[in-house]
Amino acid sequence: LNVRSSPSHESPVTRNQASRQQFLAVLAGGLTASATACGNSMAWAKDGAKGTKDDPAFQACLSQCMYECTKPKGAEQKSRAECLPECKKQCATTDAQLLRGEPKSS
């Protein structure tokens, strides 16, 4: 009786390789599906954020302005609290971006 020729008695290495391949195939498929789903929702979120505080252009402008404003200039340095109102006025394109909080829903 030759035990090795029987397909039901595979070596542990062959079984492990098959398991790894199956695992990686499932993982890759799941990641691809997740990336596709997130990509579509992220594109929608960016389009829907235009004119709000979450607008990427507003966020980028505000970030750059805050960086420039809080940089030490000689012996003077402004705080973030002092810079925020100035930067909002400079970067805002809508009234919603100028608000301190979120508008109340009625």
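Let me start with Cys87: at 0% relative accessibility, Cys87 counts as buried, where buried means under 20% relative accessible area, exposed over 50% and partly exposed in between, with a 1.4 Å probe and protein chains only. Before going on, this is a predicted model, in which local features need pLDDT of at least 70 and side-chain atom pairs count only at pLDDT 80 or more, while totals for chains, interfaces and linings use all residues. Residues are numbered from 1 along each chain as its sequence is written, and side-chain values use heavy atoms, with hydrogens and water left out.

Now the partner of Cys87. Cys65 and Cys87 form a disulfide with their sulfur atoms 2.2 Å apart; a disulfide here is a pair of cysteine sulfur atoms within 2.5 Å. The torsion about that S-S bond is -80°, and the link is left-handed. Cys65 lies in helix 2 and Cys87 in helix 3, so this pair ties together parts that are 22 residues apart in sequence. Helices are DSSP runs of H or I with at least four residues, and strands are runs of E with at least two, numbered from the N terminus. Cys65 also counts as buried, at 12% relative accessibility.

How many disulfides are there by this rule? The count comes to three.

Another one joins Cys69 to Cys83, S to S 2.1 Å. Its S-S torsion is -80°, again left-handed. Cys69 is in helix 2 and Cys83 in helix 3, so the parts tied together are 14 residues apart in sequence. Cys69 is buried with a relative accessible area of 11%, and Cys83 is buried with 0%.

Then there is the disulfide from Cys61 to Cys91, also S to S 2.1 Å. The torsion about its S-S bond is about -75°, so this disulfide is left-handed. With Cys61 in helix 2 and Cys91 in helix 3, the pair ties together parts that are 30 residues apart in sequence. Is Cys61 buried or partly exposed? Cys61 is partly exposed, with a relative accessible area of 27%, whereas Cys91 is buried at 7%.

If you number the bonded cysteines of the protein in sequence order, the pairing reads 1-6, 2-5, 3-4.

On to helix 2 itself. Helix 2 covers residues 56–70, and at 1.5 Å a residue its 15 residues should span 21 Å; the end C-alpha atoms are 21 Å apart, which agrees. The expected span is 1.5 Å times one less than the number of residues. At the N-terminal end, Asp55 caps the helix, with a side-chain oxygen 3.2 Å from the backbone nitrogen of Ala57.

Which residues of helix 2 are buried? They are Phe58, Leu62, Cys65, Met66, Cys69 and Thr70. Seen down the helix axis, they fall within an arc of 110°, so they line one face of helix 2. That arc is taken from the directions from the helix axis to the C-beta atoms. Their cover includes helix 3 (80–91) and helix 4 (95–98).

Met66 is one example: leaving aside neighbours within four places in sequence, Met66 is in contact (heavy atoms within 4.5 Å) with Arg80, Cys83, Leu84 and Cys87.

Last, the core. The largest nonpolar core has nine residues, namely Phe58, Leu62, Cys65, Met66, Cys69, Cys83, Cys87, Cys91 and Ala92.

Note on methods
A polar contact is a pair of N or O atoms within 3.5 Å; within protein, one must be able to donate a hydrogen and the other to accept it, and residues adjacent in sequence count only if both atoms are side-chain atoms. A nonpolar core is a set of buried Ala, Val, Leu, Ile, Met, Phe, Trp, Tyr and Cys residues joined through side-chain atoms within 4.5 Å.
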